[in-house]
Amino acid sequence: MKLIEFGGDIITTTVRNAILERSNIMQYAEFYQIAGNAANTRKHSAATGGKFRTVNNDYAANVVDPAFATPTLKIYGDKVQTDWANERRGSDIASVRAADLIAFSRRLGQQLQAYYVNGAVATNANQFNGFKAICPAGQLITPAAAGISFPVGNSDANRSAQQVVIEQLSALIGSIDGGAQFLLANAAFIARLTSTANITTIMDDFGKPVASFNGVPILDAGYDASGSLIIPSNEVVGASGAVCTSVYAARFGEATDLSCATNVGVAVKDLGLVGVQYTYAVDFDLDLALLNDRAIGRLQGIKLS
(Lines give C-alpha, C1' and ligand atoms only; values in the text may rest on other atoms or scores of the structure.)
Protein backbone atom coordinates (compact mmCIF):
# COMPACT_ATOMS: atom_id res chain seq x y z
CA MET A 1 0.00 0.00 0.00
CA LYS A 2 1.07 3.57 -0.59
CA LEU A 3 1.86 5.86 2.33
CA ILE A 4 -1.13 8.04 1.56
CA GLU A 5 -3.44 5.02 2.01
CA PHE A 6 -2.71 4.69 5.72
CA GLY A 7 -5.43 6.00 7.99
CA GLY A 8 -5.11 8.81 10.51
CA ASP A 9 -6.52 12.10 11.66
CA ILE A 10 -6.21 15.40 9.81
CA ILE A 11 -2.89 16.26 11.48
CA THR A 12 -1.33 12.95 10.45
CA THR A 13 -2.67 13.34 6.92
CA THR A 14 -1.19 16.85 6.73
CA VAL A 15 2.22 15.54 7.79
CA ARG A 16 2.08 12.66 5.28
CA ASN A 17 1.17 14.99 2.43
CA ALA A 18 4.02 17.36 3.29
CA ILE A 19 6.47 14.43 3.30
CA LEU A 20 5.21 13.25 -0.09
CA GLU A 21 5.50 16.78 -1.46
CA ARG A 22 9.27 16.80 -0.88
CA SER A 23 10.07 13.13 -1.50
CA ASN A 24 9.22 11.97 -4.99
CA ILE A 25 10.55 8.49 -4.16
CA MET A 26 7.80 8.20 -1.54
CA GLN A 27 5.19 8.71 -4.26
CA TYR A 28 6.25 5.31 -5.66
CA ALA A 29 7.18 3.51 -2.43
CA GLU A 30 4.99 0.57 -1.38
CA PHE A 31 4.60 -0.43 2.26
CA TYR A 32 3.61 -3.61 4.03
CA GLN A 33 2.74 -3.88 7.70
CA ILE A 34 4.61 -6.01 10.22
CA ALA A 35 4.11 -6.49 13.95
CA GLY A 36 6.82 -6.02 16.53
CA ASN A 37 10.33 -4.79 15.80
CA ALA A 38 11.29 -7.09 12.92
CA ALA A 39 10.06 -9.79 10.57
CA ASN A 40 11.23 -12.57 8.32
CA THR A 41 9.81 -11.80 4.89
CA ARG A 42 10.14 -14.33 2.11
CA LYS A 43 12.14 -13.04 -0.84
CA HIS A 44 11.33 -13.42 -4.50
CA SER A 45 11.46 -17.09 -5.43
CA ALA A 46 14.54 -18.17 -7.34
CA ALA A 47 12.73 -21.20 -8.74
CA THR A 48 13.45 -21.99 -12.37
CA GLY A 49 11.67 -24.45 -14.55
CA GLY A 50 10.04 -25.27 -17.82
CA LYS A 51 10.85 -28.73 -19.15
CA PHE A 52 9.39 -31.32 -21.46
CA ARG A 53 8.30 -34.74 -20.27
CA THR A 54 6.90 -37.87 -21.83
CA VAL A 55 3.67 -39.66 -21.01
CA ASN A 56 3.76 -41.50 -17.66
CA ASN A 57 7.00 -39.81 -16.62
CA ASP A 58 6.99 -37.08 -13.98
CA TYR A 59 9.07 -33.93 -14.00
CA ALA A 60 12.38 -34.01 -12.16
CA ALA A 61 12.34 -32.65 -8.61
CA ASN A 62 12.36 -28.86 -8.50
CA VAL A 63 12.25 -28.03 -4.80
CA VAL A 64 12.37 -24.34 -3.93
CA ASP A 65 14.80 -23.36 -1.18
CA PRO A 66 13.33 -20.08 0.08
CA ALA A 67 15.41 -17.10 1.13
CA PHE A 68 14.27 -14.46 3.60
CA ALA A 69 14.87 -10.78 4.27
CA THR A 70 14.82 -9.59 7.87
CA PRO A 71 13.62 -5.98 7.96
CA THR A 72 14.14 -4.32 11.34
CA LEU A 73 12.11 -1.20 11.99
CA LYS A 74 14.03 2.03 12.50
CA ILE A 75 12.46 5.09 14.11
CA TYR A 76 12.69 8.23 11.99
CA GLY A 77 11.19 11.54 13.06
CA ASP A 78 11.61 14.37 15.55
CA LYS A 79 9.73 16.84 17.73
CA VAL A 80 8.29 20.14 16.49
CA GLN A 81 8.29 22.84 19.14
CA THR A 82 6.61 26.25 19.06
CA ASP A 83 7.24 28.69 21.90
CA TRP A 84 4.10 29.64 23.82
CA ALA A 85 5.35 33.23 23.82
CA ASN A 86 3.74 33.48 20.35
CA GLU A 87 0.37 33.04 22.05
CA ARG A 88 1.01 35.75 24.64
CA ARG A 89 2.05 38.17 21.92
CA GLY A 90 -1.23 37.89 20.04
CA SER A 91 -0.51 35.20 17.43
CA ASP A 92 -3.06 32.55 16.59
CA ILE A 93 -1.09 29.73 18.19
CA ALA A 94 -2.97 27.02 16.28
CA SER A 95 -2.02 28.62 12.95
CA VAL A 96 1.61 29.12 14.00
CA ARG A 97 1.88 25.51 15.15
CA ALA A 98 0.31 24.25 11.92
CA ALA A 99 2.75 26.29 9.82
CA ASP A 100 5.69 25.02 11.88
CA LEU A 101 4.50 21.42 11.52
CA ILE A 102 4.12 21.65 7.74
CA ALA A 103 7.52 23.29 7.27
CA PHE A 104 9.11 20.65 9.48
CA SER A 105 7.38 17.79 7.65
CA ARG A 106 8.61 19.02 4.28
CA ARG A 107 12.18 18.95 5.58
CA LEU A 108 11.47 15.55 7.10
CA GLY A 109 10.50 14.27 3.65
CA GLN A 110 13.50 15.95 2.05
CA GLN A 111 15.89 14.24 4.44
CA LEU A 112 14.06 10.92 4.20
CA GLN A 113 14.68 11.08 0.43
CA ALA A 114 18.40 11.31 1.20
CA TYR A 115 18.25 8.25 3.46
CA TYR A 116 16.41 6.27 0.79
CA VAL A 117 19.46 6.75 -1.43
CA ASN A 118 22.42 7.06 0.93
CA GLY A 119 21.32 5.51 4.23
CA ALA A 120 23.93 3.08 5.54
CA VAL A 121 23.78 0.92 8.66
CA ALA A 122 27.56 0.66 8.47
CA THR A 123 27.74 4.43 9.06
CA ASN A 124 24.93 4.67 11.62
CA ALA A 125 23.23 1.60 13.05
CA ASN A 126 20.08 3.65 13.67
CA GLN A 127 19.56 4.19 9.92
CA PHE A 128 18.30 1.75 7.31
CA ASN A 129 20.30 0.82 4.22
CA GLY A 130 19.41 2.90 1.19
CA PHE A 131 19.62 2.21 -2.55
CA LYS A 132 23.40 2.53 -2.70
CA ALA A 133 23.98 0.06 0.15
CA ILE A 134 21.44 -2.58 -0.89
CA CYS A 135 22.12 -2.64 -4.63
CA PRO A 136 23.53 -6.14 -5.37
CA ALA A 137 26.87 -6.39 -7.17
CA GLY A 138 25.15 -8.05 -10.11
CA GLN A 139 22.89 -5.00 -10.54
CA LEU A 140 25.73 -2.46 -10.53
CA ILE A 141 26.54 -1.37 -14.08
CA THR A 142 30.00 0.12 -14.61
CA PRO A 143 30.44 0.75 -18.35
CA ALA A 144 34.17 1.49 -18.10
CA ALA A 145 36.81 1.15 -15.41
CA ALA A 146 37.26 4.91 -15.13
CA GLY A 147 33.76 5.98 -16.16
CA ILE A 148 32.35 7.22 -19.46
CA SER A 149 31.78 10.76 -20.72
CA PHE A 150 28.35 12.21 -21.41
CA PRO A 151 29.31 15.35 -23.35
CA VAL A 152 27.33 18.10 -25.04
CA GLY A 153 27.69 18.96 -28.70
CA ASN A 154 26.83 17.46 -32.08
CA SER A 155 30.23 16.32 -33.32
CA ASP A 156 30.50 12.68 -34.37
CA ALA A 157 32.63 11.90 -31.30
CA ASN A 158 30.18 13.57 -28.93
CA ARG A 159 27.15 11.93 -30.50
CA SER A 160 28.88 8.55 -30.27
CA ALA A 161 29.64 9.09 -26.56
CA GLN A 162 26.07 10.22 -25.92
CA GLN A 163 24.74 7.08 -27.61
CA VAL A 164 26.82 4.88 -25.32
CA VAL A 165 25.26 6.50 -22.25
CA ILE A 166 21.75 6.19 -23.68
CA GLU A 167 22.33 2.51 -24.40
CA GLN A 168 23.63 1.95 -20.88
CA LEU A 169 20.58 3.73 -19.48
CA SER A 170 18.34 1.42 -21.49
CA ALA A 171 20.32 -1.54 -20.13
CA LEU A 172 19.73 -0.25 -16.59
CA ILE A 173 15.98 -0.12 -17.18
CA GLY A 174 16.08 -3.61 -18.67
CA SER A 175 17.93 -4.99 -15.64
CA ILE A 176 14.87 -4.45 -13.42
CA ASP A 177 12.60 -7.47 -13.11
CA GLY A 178 9.19 -6.44 -14.43
CA GLY A 179 10.49 -3.08 -15.64
CA ALA A 180 11.67 0.01 -13.79
CA GLN A 181 9.03 2.25 -12.28
CA PHE A 182 11.37 5.22 -12.25
CA LEU A 183 14.93 6.42 -12.77
CA LEU A 184 16.58 8.56 -10.10
CA ALA A 185 19.36 11.01 -10.93
CA ASN A 186 20.57 14.51 -10.16
CA ALA A 187 19.36 17.59 -12.00
CA ALA A 188 22.59 17.98 -13.99
CA PHE A 189 22.29 14.49 -15.47
CA ILE A 190 18.60 15.01 -16.26
CA ALA A 191 19.42 18.29 -18.02
CA ARG A 192 22.14 16.59 -20.08
CA LEU A 193 19.86 13.70 -20.99
CA THR A 194 17.08 16.12 -21.94
CA SER A 195 19.41 17.92 -24.36
CA THR A 196 20.69 14.74 -26.02
CA ALA A 197 17.88 12.12 -26.00
CA ASN A 198 14.21 11.85 -26.90
CA ILE A 199 12.58 12.98 -23.66
CA THR A 200 8.86 13.43 -23.06
CA THR A 201 7.12 15.09 -20.11
CA ILE A 202 4.49 13.61 -17.80
CA MET A 203 2.82 14.98 -14.67
CA ASP A 204 3.39 13.53 -11.19
CA ASP A 205 0.78 13.12 -8.43
CA PHE A 206 1.21 16.77 -7.42
CA GLY A 207 0.79 18.12 -10.95
CA LYS A 208 4.48 18.82 -11.44
CA PRO A 209 6.09 18.07 -14.82
CA VAL A 210 8.49 15.11 -14.81
CA ALA A 211 10.82 14.08 -17.62
CA SER A 212 10.34 10.59 -19.03
CA PHE A 213 12.85 8.40 -20.89
CA ASN A 214 11.38 5.50 -22.91
CA GLY A 215 8.21 5.84 -20.86
CA VAL A 216 10.03 5.69 -17.50
CA PRO A 217 9.83 8.79 -15.26
CA ILE A 218 13.19 10.36 -14.41
CA LEU A 219 13.04 11.72 -10.87
CA ASP A 220 15.33 14.47 -9.63
CA ALA A 221 16.85 13.17 -6.38
CA GLY A 222 17.25 16.77 -5.24
CA TYR A 223 18.98 17.96 -2.08
CA ASP A 224 19.01 16.79 1.51
CA ALA A 225 17.90 19.06 4.38
CA SER A 226 21.41 20.54 4.65
CA GLY A 227 21.45 21.56 0.97
CA SER A 228 23.81 18.85 -0.30
CA LEU A 229 23.05 16.92 -3.49
CA ILE A 230 21.61 13.50 -2.69
CA ILE A 231 23.21 12.07 -5.84
CA PRO A 232 26.35 14.15 -6.37
CA SER A 233 28.53 14.59 -9.43
CA ASN A 234 31.78 14.01 -7.54
CA GLU A 235 31.73 10.22 -7.20
CA VAL A 236 34.93 8.31 -7.91
CA VAL A 237 34.96 5.25 -10.19
CA GLY A 238 38.35 3.63 -10.66
CA ALA A 239 40.84 6.29 -11.75
CA SER A 240 38.14 8.74 -12.84
CA GLY A 241 38.74 11.29 -10.12
CA ALA A 242 35.80 12.89 -8.30
CA VAL A 243 33.84 13.69 -11.48
CA CYS A 244 31.20 10.96 -11.83
CA THR A 245 27.52 10.59 -11.06
CA SER A 246 25.09 7.67 -10.87
CA VAL A 247 21.58 6.83 -12.01
CA TYR A 248 19.36 4.42 -10.08
CA ALA A 249 16.39 2.38 -11.30
CA ALA A 250 13.91 0.63 -9.03
CA ARG A 251 10.61 -1.17 -8.80
CA PHE A 252 8.53 -1.11 -5.61
CA GLY A 253 5.93 -3.65 -4.58
CA GLU A 254 3.85 -4.51 -1.52
CA ALA A 255 5.87 -7.22 0.27
CA THR A 256 7.64 -7.95 -3.00
CA ASP A 257 10.42 -6.46 -5.12
CA LEU A 258 11.66 -3.39 -3.23
CA SER A 259 9.34 -2.74 -0.30
CA CYS A 260 9.08 -0.76 2.92
CA ALA A 261 8.24 -2.52 6.15
CA THR A 262 6.31 -0.46 8.70
CA ASN A 263 3.71 -0.83 11.43
CA VAL A 264 1.28 2.10 11.18
CA GLY A 265 3.12 4.43 8.82
CA VAL A 266 3.58 7.99 10.06
CA ALA A 267 2.46 8.59 13.64
CA VAL A 268 1.84 12.13 14.95
CA LYS A 269 0.99 13.01 18.55
CA ASP A 270 0.19 16.40 20.02
CA LEU A 271 2.00 16.49 23.37
CA GLY A 272 0.51 19.88 24.24
CA LEU A 273 2.50 22.40 26.27
CA VAL A 274 5.78 20.86 27.43
CA GLY A 275 7.73 23.38 29.43
CA VAL A 276 7.55 26.59 27.39
CA GLN A 277 6.99 24.81 24.04
CA TYR A 278 3.87 23.50 22.37
CA THR A 279 5.12 20.17 21.04
CA TYR A 280 4.24 17.70 18.30
CA ALA A 281 6.04 14.34 18.17
CA VAL A 282 6.40 12.73 14.74
CA ASP A 283 7.59 9.13 14.44
CA PHE A 284 7.87 6.89 11.40
CA ASP A 285 8.84 3.24 11.94
CA LEU A 286 10.19 1.76 8.72
CA ASP A 287 12.88 -0.26 6.99
CA LEU A 288 13.72 -0.76 3.33
CA ALA A 289 13.58 -4.42 2.33
CA LEU A 290 15.02 -5.79 -0.91
CA LEU A 291 12.83 -8.83 -1.59
CA ASN A 292 13.93 -9.29 -5.20
CA ASP A 293 17.57 -8.67 -6.07
CA ARG A 294 16.55 -7.47 -9.52
CA ALA A 295 14.22 -4.77 -8.17
CA ILE A 296 17.01 -2.19 -8.03
CA GLY A 297 19.96 -1.26 -10.23
CA ARG A 298 22.61 1.41 -10.43
CA LEU A 299 24.48 2.83 -13.41
CA GLN A 300 27.66 4.49 -12.16
CA GLY A 301 30.61 6.29 -13.69
CA ILE A 302 28.83 8.92 -15.80
CA LYS A 303 31.05 11.96 -16.36
CA LEU A 304 29.17 15.14 -17.27
CA SER A 305 32.24 17.33 -17.82
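Modeller: Let us start with helix α5 (residues 156-174) and helix α6 (residues 187-196), which pack at an angle of about 115 degrees, their axes lying 11 Å apart. An axis here is a line fitted to C-alpha atoms, for helices over the stretch in contact, with angles from 0 to 180 degrees between N-to-C directions. The two helices, α5 and α6, are therefore roughly perpendicular to each other (under 35 degrees would be roughly parallel, over 145 roughly antiparallel, 65 to 115 is roughly perpendicular, and the rest is oblique). Their crossing is left-handed, the term for a near helix turned anticlockwise from the far one by less than a right angle, with clockwise giving right-handed. On the α5 side the meeting residues are R159, Q162, V165, I166 and L169, and on the α6 side F189, L193 and T196; contact means heavy atoms within 4.5 Å. Sorted by class, the contact of α5 with α6 has 5 nonpolar residues, 2 polar and 1 charged. In that sorting, Ala, Val, Leu, Ile, Met, Phe, Trp, Tyr, Cys and Pro are nonpolar, Asp, Glu, Lys and Arg are charged, and the others, including Gly, are polar.

Please keep in mind that this is a predicted model, in which local features need pLDDT of at least 70 and side-chain atom pairs count only at pLDDT 80 or more, while totals for chains, interfaces and linings use all residues. Residues are numbered from 1 along each chain as its sequence is written, and side-chain values use heavy atoms, with hydrogens and water left out.

Stepping back for a moment, the protein has 6 helices and 16 strands, taken as DSSP runs (H or I of at least four residues, E of at least two) and numbered from the N terminus. Its C-alpha trace spans about 80 × 65 × 35 Å along the principal axes. Of the 305 residues, 45% are buried (under 20% relative accessible area, with exposed meaning over 50% and partly exposed in between, using a 1.4 Å probe and protein chains only). Among contacts with a separation of 6 or more, 73% join residues 24 or more positions apart.

Another helix pair is worth a visit. The axes of α1 (residues 10-22) and α3 (residues 93-118) come within 7 Å and cross at roughly 45 degrees. That makes α1 oblique to α3, and the crossing of this pair is right-handed. From α1 the contact takes I11, T14, V15, A18, I19, E21 and R22, and from α3 it takes L101, I102, S105, R106, L108, G109, Q110, L112 and Q113. The classes here are 8 nonpolar, 5 polar and 3 charged residues.

S23 sits in the loop between α1 and β1 (31-33), and at 0% relative accessibility S23 counts as buried. Setting aside residues up to four places away in sequence, S23 touches G109 and Q113. D224 belongs to the loop between β10 (216-220) and β11 (235-236) and is buried too, with a relative accessible area of 14%. Beyond neighbours within four places in sequence, D224 is in contact with Q110, Q111, A114 and I230.

L258 touches, among others, F131, I134, F252, L288 and I296, not counting residues up to four places away in sequence.

One last stop is the backbone around β14. Most residues other than glycine have a negative phi. A255, in the loop between β13 (252-253) and β14, has a positive phi near 60 degrees and is partly exposed at 34% relative accessibility. D257, within strand β14, has a positive phi of about 55 degrees and counts as buried at 11%.
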